[in-house]
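Please look over the structure shown here before reading on.

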Amino acid sequence: MTLVNIDAMTVQMGGTTALRNVDFSISKGEIVTVVGPNGSGKSTLMRAIIGAIAPNKGRITRSEGLRIGYVPQSLHIDPTLPITVRRFLSLPNRKPREEIETAMARVGADNLLDKQMFTLSGGQFQRTLLARALLEKPDLLILDEPTTGLDQPGSAAFYRLIEDIRTELGTAVLMVSHELHVVMSASDRVICLNGHVCCHGAPDVVASAPEYRALFGSGTQGALALYRHDHDHVHDHAEDHAHAG
């Protein structure tokens, strides 16, 4: 079942073409990762799928009644604002106590419910944002570089959590990430974007594509072989090879 289908979409922002002639689709239950250099249109693609911006050309088709959960790259909480995690999860619409507690338990953070938001670590904050997205009971979970600011173990743990949620709930996942060595192994498909779709397909196919190597170098293909999501850590040498781009 196709949740979102984009056909020949072009998006212009302030006179600049951010995306050109993009074809894209995501189906129920799959994990798709979008990679690309800064300014390649990754966030523009996410915003178009959510409906925050309209394409200048082409068409976006969403399945009827599609529910989307969104985890932003970052969210600033004023430290002078006293708000607990439980209260934050009830905004803007109050949610049943049981649903909030279930969502936080699902992301392994139910011990945080009575803590102040501004006291959370980076990893705790992102898990809270993920729980908030899950409260929407999404068919599609969209994550825009959700592990920015987390260390490597924290990132790896977060991505394993995403895989577990997909397995448990059947939620499709669309991620934007720069952590190539992690997401390539956690994804069913990878879309390489640079204003247009350079290449796409299974992770090993994309990692060996000339267009991908031109953007990121060839080191990530070796890292892909070294990291698998059943590992409990990221190999140091995989990390070293994965920083091209």
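Predicted model: local features only at pLDDT ≥ 70, side-chain atom pairs only at ≥ 80, totals over all residues.

**A charged pair and its surroundings**

Glutamate 101 and arginine 86 form a salt bridge, in which the closest N and O atoms are 3.2 Å apart.

- Helix α2, which covers residues 85-88, is the place where arginine 86 is found.
- Is arginine 86 buried or exposed? Arginine 86 counts as buried because its relative accessibility is 18%, and buried means under 20%.
- Glutamate 101, by contrast, counts as partly exposed, because its relative accessibility is 29%.
- If neighbours within four places in sequence are left aside, arginine 86 is in contact with Arg97, Ile100, Glu101, Leu113 and Asp114.

**The wider set of salt bridges**

- As a general point, side chains of opposite charge can pair when their charged atoms come close.
- The structure as a whole holds nine salt bridges.
- Arginine 97 also forms a salt bridge with glutamate 101, and here the closest N and O atoms are 3.1 Å apart.
- Arginine 97 and glutamate 101 are separated by about one helical turn, because they are four residues apart in helix α3.
- In another salt bridge, the side chains of lysine 95 and glutamate 136 meet at 3.5 Å, taken from N to O.
- That pair likewise links distant parts of the chain, with lysine 95 in the loop between α2 and α3 and glutamate 136 in the loop between α4 and β6, 41 residues apart.
- Lysine 95 is buried, because its relative accessible area is 16%, whereas glutamate 136 is partly exposed, because its relative accessible area is 39%.

**The sheet and the helices on it**

- Six strands form an open sheet with mixed pairing, and their order is β5-β6-β7-β3-β8-β9.
- The edge strands of this sheet are β5 (68-71) and β9 (197-201), each of which pairs on one side only.
- On average, and with direction ignored, neighbouring strands of this sheet are turned by 15° against each other.
- Within the sheet, strand β3 (residues 31-35) pairs with strand β8 (residues 189-193) in the parallel sense over four bridges, and valine 34 stands opposite isoleucine 191 in β8.
- Helix α1 (residues 42-50) packs on the sheet, where it touches β3, β5, β6 (140-144), β7 (172-176) and β8, and its direction makes about 150° with that of β6.
- Helix α4 (residues 122-134) lies across β5 and β6, and runs at about 165° to β5.

**The chain as a whole**

- The secondary structure of the protein chain comes to ten helices and nine strands.
- The protein chain has 245 residues, of which 48% count as buried.
- Among contacts in the protein chain with a separation of 6 or more, 67% are between residues 24 or more positions apart.
- The protein chain exposes about 11,500 Å², and carbon and sulfur atoms supply 48% of this area.

Key:
Residues numbered from 1 in each chain as written. Heavy atoms only, no water. Helix = DSSP H or I, 4+ residues; strand = E, 2+ residues; numbered from the N terminus. Buried < 20%, exposed > 50% of the residue type's maximum accessible area, 1.4 Å probe, protein only. Contact = heavy atoms within 4.5 Å. Areas by Shrake-Rupley, 256 points an atom, 1.4 Å probe, with all protein chains shown as cover. Pairing = 2+ DSSP bridges. Axes fitted to C-alpha atoms, helices over the stretch in contact; angles between N-to-C directions. Salt bridge = Lys/Arg side-chain N within 4 Å of Asp/Glu carboxyl O.
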